[in-house]
Structures are given as C-alpha cells and as structure tokens.
Amino acid sequence: MNILELLADLQAQHEKATARAGELRDQMGRLTAALAEIEARLTDLATTRKVIAELAPTQEDSEAPETNSVYQAIVNAFNQHPGQEFRARELHELLGMPTDEASVNITRSRLGRLLRQGFLTQPGRGRYQKRT
C-alpha cells in the first residue's frame with residue numbers, strides 16, 4: 001500500500017466517523033428533548049399527586065361504610081326522581097330515615113357536600129334537585 005492509498009483510506013474513515021458523530025449528535029439532541037419533556041411530565045404528576053393527597057381524606061377521616069350507604073340511598077332517591085326537588089326532611093320520609101332534627105341536619109350537611117361536588121343543584125333555599 002502506498003502513501004496515497006493510505007491517505008485516501010484515512011480520509012474515508014474520517015468522513016465515515018464524522019458522519020457517525022453527526023448522527024449521534026442528532027440522536028442526543030432528540031433524546032435530550034425527550035428527557036426534558038418526560039421530566040416536566042414527572043414534575044406535573046408529582047404536583048398533581050401532592051394536591052390530591054392534600055385534598056383527599058386520610059384513612060382516619062374517611063367515612064364509615066354505613067355513611068357511604070346513606071349517601072348512596074340519597075343519590076339513588078335523586079336518580080329515581082330526577083326532576084323533583086327535595087328538602088332534607090322529605091328525603092328522610094321518602095327513605096324511611098329518622099326525622100329528628102339532628103338526623104335531618106346531618107343529611108343537610110350531606111346534601112351540601114353533594115351540591116359542592118356538582119351532583120345536585122339548589123333551586124331554592126333548602127331545596128335540592130339532581131343536576132341535569
């Protein structure tokens with residue numbers, strides 16, 4: 001092999017290595033952009049999780065199963081009578097629940113929670129109706 005062939009071979013290897021380096025730089029650029037995007041998504045997910053954890057009731061605060069069944073009975077009553085307005089006492093009578101003032105006040109609180117959650121509307125003071 002003479003010097004010219006050796007130089008030509010070296011030049012070909014140089015061009016091949018330069019092309020490969022360019023491909024790798026492009027790939028690194030795409031990977032860097034993808035990594036930045038994923039890191040931003042992870043930050044968003046961590047923030048969302050933190051907010052939900054702060055808003056969610058703790059195990060100690062969670063309601064007893066019998067309370068959940070009362071909510072379900074209330075929701076079912078509104079689902080069965082979607083256009084009807086109810087007062088708390090009327091719901092108690094419909095569902096066969098005690099109508100003493102303390103029990104009705106607890107239901108008023110539950111209705112307020114369902115109102116805040118967007119399940120109910122309040123067309124009049126003390127009256128509740130399923131949101132349509």
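Is L95 buried, partly exposed or exposed? At 30% relative accessibility, L95 counts as partly exposed; buried means under 20% relative accessible area, exposed over 50%, and partly exposed in between (1.4 Å probe, protein chains only). The legends below take up this residue and its surroundings.

This is a predicted model, in which local features need pLDDT of at least 70 and side-chain atom pairs count only at pLDDT 80 or more, while totals for chains, interfaces and linings use all residues. Residues are numbered from 1 along each chain as its sequence is written, and side-chain values use heavy atoms, with hydrogens and water left out.

**Figure 1. The whole chain.** The chain has four helices and two strands, where helices (H or I, at least four residues) and strands (E, at least two) are DSSP runs numbered from the N terminus. Along the sequence their pattern is α-α-α-α-β-β. The C-alpha trace spans about 110 × 35 × 20 Å along its principal axes. The radius of gyration of the chain is 33 Å, whereas a compact globule of 132 residues would have one near 14 Å; this radius is taken over C-alpha atoms, and the globule rule is 2.2 Å times the number of residues to the power 0.38. Of the 132 residues, 15% are buried. Among contacts (heavy atoms within 4.5 Å) with a separation of 6 or more, 43% join residues 24 or more positions apart.

**Figure 2. The largest nonpolar core.** A nonpolar core is a set of buried Ala, Val, Leu, Ile, Met, Phe, Trp, Tyr and Cys residues joined through side-chain atoms within 4.5 Å. The largest one has 14 residues, of which I74, F78, L91, L111, L114, L120 and Y128 touch the most other members. Two or more residues each come from α2 (65–80), α3 (88–95) and α4. The largest share, six residues, belongs to α2. Leaving out residues up to four places away in sequence, F78 touches F86, L91, L111, F119, L120, Y128, Q129 and K130.

**Figure 3. The packing of α3 against α4.** Two packed helices are described by the angle between their axes and the distance between the axes. Here the angle is about 110 degrees and the axes are 9 Å apart. Axes are lines fitted to C-alpha atoms, for helices over the stretch in contact, and angles run from 0 to 180 degrees between N-to-C directions. The two helices α3 and α4 are therefore roughly perpendicular to each other, a term for angles of 65 to 115 degrees; under 35 counts as roughly parallel, over 145 as roughly antiparallel and the rest as oblique. From α3, A88, R89, L91 and H92 meet E101, S103, V104, T107, R108 and L111 of α4. The residues of this contact divide into four nonpolar, three polar and three charged.

**Figure 4. H92 and L95 in α3.** H92 lies in helix α3 and, at 1% relative accessibility, counts as buried. Beyond its neighbours within four places in sequence, H92 contacts M97, P98, T99, S103, V104 and T107. L95 is also found in α3. With neighbours within four places in sequence left aside, the contacts of L95 are A73, I74 and A77. L95 and G29 are 66 residues apart in sequence, and their C-alpha atoms are 65 Å apart in space.

**Figure 5. R116 in α4.** R116 belongs to helix α4 (residues 101–116). It counts as exposed, at 66% relative accessibility. From R116 to I3 the separation is 113 residues in sequence and 86 Å in space, C-alpha to C-alpha.

Notes. Ala, Val, Leu, Ile, Met, Phe, Trp, Tyr, Cys and Pro count as nonpolar, Asp, Glu, Lys and Arg as charged, and the others, Gly among them, as polar.
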